[in-house]
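Thanks for coming. I have one structure to go through today, so please have the viewer open.

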Amino acid sequence: MTESQIVLEAKGITKQFPGVLASDNVNFDLRKGEIHALLGENGAGKSTLMNLIYGLHRPDKGEIIVNGKTIDIHSPNDSIAAGIGMVHQHFMLIPVFTVAENVMLGDEETKRGSLDRISVAKKINEISKQYGLDVDPNALVGPLPVGIQQRVEIVKTLYRNAEIVILDEPTAVLTPQEAEDLFRIMRDLTTRGVSIIFITHKLKEVLAVADRITVMRAGRVINTVKPSETDSAQLANMMVGRQVILTVDKKDHEAENEILKVEGLTVRDQRDLETVHNVSFSVRGGEVFGIAGVQGNGQTELSEALTGLRSPTSGTVTIDGKDLTGKPPRVITESGLAHIPEDRQRHGLVLSYTVADNMALCDYYHPPFSSRGVIQPKALDENSRKLISAFDVRTPSPFVNAGKLSGGNQQKVIVARELSRDNVKLVIANQPTRGLDVGSIEYIHSEIIKMRDRGVAVLLISAELDEIMALSDRIAVMYRGQIVAVVETKKTTREQLGLWMAGAHVQSA
Amino acid sequence: MDWKRFGFIALIIIVLFSVVVMVGQAKQPPLLIVTSMLATTIAVATPLTLGALSGVFCERAGVVNIGIEGMMLTAAFFGWLGGIYMFNIFHLPPSVSIGLGVFFAVLTGALMSLLHAMLSITFKVDQIIGGTVINILAVGLTGFLNRQLFFGAGSVFGGSVPSSAGVLPTIHIPITELFSSVCGTSATCLQNVQAINRVFDQKPIAMGAVLLVFLSHYILFNTRWGLRTRAVGEHPKAADTVGINVIKMRYANVIIGGMFAGLAGAYFTIESVPSFEPLLTNGRGFISLAAMIFGNWTPIGAWAASLVFGASQALLINMQIFRDVIPPQWSFLQESYIVGLTPYILTMFILTGIIGKTTPPAADGVPYEK
């Protein structure tokens with residue numbers, strides 16, 4: 001790409017939040033028609049910088065220059081007027097509004113005082129056609145798939161004639177196919193003169209689509225590089241500030257006796273649809289058994305049935321020789337299950353409880369945490385201090401509410417609670433690293449491997465194929481509620497697994 | 001449109017009307033009974049309708065308002081009191097005093113809701129507690145001032161309530177005059193036209209309430225203001241990111257809601273009867289919340305639900321009118337407490353969600369924090 005005109009420049013941006021310097025003298029620039037990736041771990045200050053540029057917060061120091069003019073941004077109104085649009089990580093869409101209502105909100109077209117839905121729909125159709133976005137202006141937003149909702153967000157910015165579009169972690173919620181689609185749209189936008197700031201913490205993505213990459217860490221810009229001049233390892237080092245092991249260090253380990261045995265398991269979801277059909281497999285001590293598959297192929301219901309959160313319609317679940325089919329979670333937990341649930345905020349933690357309380361959620365009812373029905377705060381305190389240091393949980397104190405921690409640290413609280421119990425025979429980890437930063441992922445992976453090396457059986461469910469391949473000894477592929485293949489990791493390839501995940505039925509052993 | 005819901009409402013209203021027609025047909029022709037009961041229904045549903053509209057505006061903007069009862073009560077008192085002062089102390093003509101009374105009532109509603117807005121939007125107090133504060137404050141304030149001003153030898157008015165300027169007049173809609181020629185010489189035809197005319201002859205607040213229902217519905221679903229109001233009640237952050245001032249929108253809508261509640265208060269002491277007694281709202285603010293919920297937070301739906309409650313109250317009134325012709329097997333309907341229970345039983349029934357579930361605005365009751 002030729003060196004073209006600079007459309008946006010942030011100079012010396014500083015922002016102090018209570019307790020953290022979220023943005024420390026940051027300089028950043030964006031050229032016309034480029035995709036400039038902003039890479040960094042959670043909490044590195046990427047989103048803060050963008051919120052400052054977009055006017056959701058005010059910088060303490062520094063200036064923002066758009067098209068050569070310093071502008072004073074007090075609210076999103078000012079940045080929208082300057083041609084800046086932002087697609088937030090959590091979509092800013094109103095589910096009960098139509099696409100057209102969502103798009104026009106804040107910039108409504110009216111005819112004699114009432115909303116002019118027809119002309120807005122027309123404008124959306126034009127934008128849609130021009131950029132290949134394909135959205136229906138009259139559809140309700142709520143039921144739309146996330147990929148389409150994201151397009152609505154992009155249409156929202158283009159409707160306001162944005163020339164600079166900020167995409168905040170846009171791929172976090174997308175399937176690989178949807179992400180590919182998004183990259184195509186992003187390239188389309190740049191050929192039409194739109195400049196894009198692409199915020200992410202995924203290394204592969206920046207190398208694939210960015211023209212330039214700026215890495216941030218702890219509120220500072222570390223470096224700006226071109227993808228052709230760098231590689232994943234170097235970027236990861238810049239992000240984390242130290243050497244990062246991108247591959248999981250895993251010794252060969254002999255699998256032992258069978259711990260988890262699942263036979264003919266069939267499960268229905270809350271809409272009474274059969275989402276798991278007649279699934280059988282077993283996991284032995286000392287092995288990681290990975291279940292790969294595109295999300296929504298029955299993994300959620302499978303793990304719920306195994307952990308006692310949902311009763312299967314038929315089939316049996318045996319843990320270490322004990323039939324635990326349809327037993328309550330406490331019985332299964334006491335039989336040696338450690339469960340890292342898919343949704344850490346809803347099923348893993350009580351966000352309004354302290355870290356110390358959350359760390360005792362599985363064992364609060366027996367000694368040492370309870371004595372004759374009374375909770376022993378001292379025991380909770382000691383336990384949490386021990387776990388916080390052993391599992392490197394970054395929290396100001398054990399008495400902070402779990403909801404205040406970052407995603408990575410919340411996950412560490414769960415991992416600490418589950419893996420530290422004495423009688424663990426089986427670990428079920430469902431999407432254990434989703435949405436986490438590199439450092440936390442690395443840590444959680446190493447903890448999982450440690451359990452395996454201690455002879456514990458591990459069932460890993462993940463939609464991230466890289467994660468499955470890095471950790472598992474054996475891999476099963478789930479497709480439409482069935483296990484379509486089980487292979488040893490060494491005897492398969494990414495491509496082969498990808499085919500199975502897409503539904504190519506090849507049975508193998 | 002939710003036809004199941006409106007069907008249920010229509011069914012209940014038809015049942016209530018049928019009972020009255022059955023009981024009263026010995027004394028009056030059915031058309032006359034139906035029209036006069038319809039007229040009563042619309043009139044007595046007025047405070048419920050306005051209360052429900054008050055709730056719709058507040059909650060659509062994301063602020064739960066259980067203080068409507070208290071806002072109504074305070075507005076009823078100060079509207080009435082303002083009228084008395086204007087008439088007796090400042091010696092303004094009755095019509096001006098009455099008009100100013102309505103103004104004071106609306107102003108009182110606005111001020112009470114401003115308090116609620118400050119508590120729930122700025123200070124982020126739990127909104128149920130904020131609303132309860134309003135209700136308790138209203139009972140205490142009106143009861144205390146009522147006593148201080150009018151009771152006992154040492155009170156401001158020396159122990160007697162001065163005469164008020166009266167109530168708002170009925171507005172006659174000239175349907176009879178316009179259509180009497182169609183009837184020619186037929187006397188029954190003329191009677192029928194007059195009977196129908198009774199439905200439309202309402203007092204100003206009752207009439208205004210019906211107009212406000214349709215106006216509010218239009219504003220909420222077809223204007224910029226309405227779109228933004230609903231946006232801040234559903235997803236304030238989304239509204240904020242497109243440059244809408246969430247705090248301002250919420251304040252404005254809560255105050256609009258308070259003005260509706262104020263107008264409902266004026267109905268009691270300026271349109272219905274020219275007097276005040278402690279606790280006169282008698283739970284109607286809460287019933288209007290039930291109507292709002294049953295109407296799924298839409299003005300027209302809330303109005304339809306208010307009419308059900310109005311009809312059950314009209315039933316009670318008509319049972320008094322027809323007391324001498326009630327057949328013995330229906331005589332239990334004369335017992336006011338049985339019929340009087342209908343609105344409350346309906347409220348409970350509706351809130352169980354048997355007639356389909358309603359969905360409140362997603363951010364209803366959640367303070368906005370950046």
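Predicted model: local features only at pLDDT ≥ 70, side-chain atom pairs only at ≥ 80, totals over all residues.

Residues are numbered from 1 along each chain as its sequence is written, while chains are lettered from A and ligands numbered from 1 in the order in which they are written.

Chain A is assigned domain 1 (6-240), domain 2 (245-336 + 424-509) and domain 3 (348-422); such bounds come from an automatic or database domain assignment. Between the C-alpha centres of domain 1 and domain 3 of chain A there are 37 Å.

Helices (H or I, at least four residues) and strands (E, at least two) are DSSP runs, numbered from the N terminus, and two strands pair if DSSP finds at least two bridges between them. Four strands of chain A make an open sheet in the order β2-β1-β4-β5, with antiparallel pairing. Angles run from 0 to 180 degrees between N-to-C directions, and axes are lines fitted to C-alpha atoms, for helices over the stretch in contact. Eight bridges link β1 (residues 6-17) of chain A to β2(A) in the antiparallel sense, and Q16(A) stands opposite L21(A) in β2(A).

Next, β13(A). Strand β13 (residues 258-268) of chain A pairs antiparallel with β14 (residues 274-284) of chain A over seven bridges, with L265(A) opposite V279(A). Their hairpin has five residues between the strands, and D272(A) there takes a positive phi near 70°. Strand β13(A) is also joined to β16(A) by five antiparallel bridges; E263(A) stands opposite T316(A) in that pairing. In the loop between β16 (314-319) and β17 (322-323) of chain A sits D320(A), a residue other than glycine with a positive phi near 50°. D320(A) counts as partly exposed because it has 17 C-beta neighbours inside 10 Å. The cut-offs are these: buried means 20 or more other C-beta atoms within 10 Å of the residue's own, exposed means 12 or fewer, and partly exposed is in between, with C-beta atoms placed from the backbone.

The six-stranded sheet of chain A is open and mixed in its pairing, in the order β18-β21-β22-β15-β23-β24. At its edges are β18 (337-340) and β24 (482-488) of chain A, and neighbouring strands are turned by 15° against each other on average, direction ignored. Within this sheet, β21 (residues 426-430) and β22 (residues 457-461) of chain A pair in the parallel sense over five bridges, and N430(A) faces I461(A) across that pair. Helix α9 (residues 299-307) of chain A packs on the sheet, touching β15 (288-292), β18, β21, β22 and β23 (474-479) of chain A, and its direction makes about 150° with that of β21(A).

Which residues have the most contacts inside the largest nonpolar core? They are V458(A) and L460(A), in a core of 236 residues. A nonpolar core here is a set of buried Ala, Val, Leu, Ile, Met, Phe, Trp, Tyr and Cys residues joined through C-beta atoms within 7 Å. Beyond its neighbours within four places in sequence, L460(A) has contacts including V288(A), I291(A), A429(A) and L471(A); contact means C-beta atoms, placed from the backbone, within 7 Å.

One more backbone item in chain A: the peptide bond from P367(A) to P368(A) is cis, with omega near 5°. P368(A) is in the loop between α12 (355-358) and β19 (370-371) of chain A.

Now chain B. Helix α13 (residues 284-294) of chain B is mostly covered, with 10 of its 11 residues buried. Just after α13(B), N296(B) takes a positive phi of about 55°. The loop between α5 (94-122) and α6 (127-150) of chain B holds K124(B), which is not a glycine but has a positive phi of about 55°. K124(B) counts as partly exposed, because it has 13 C-beta neighbours inside 10 Å. In the loop between α5 and α6 of chain B we also find F123(B), which is exposed, with 10 other C-beta atoms within 10 Å. The C-alpha atoms of F123(B) and P367(B) are separated by 8.9 Å, at 244 residues apart along the chain.

Last, the interface: 14 residues of chain B are in contact with 20 residues of chain A. On the chain B side, α10 (224-234) and α11 (236-241) of chain B are the elements that give two or more residues.

Definitions and conventions
Contact = placed C-beta atoms within 7 Å.
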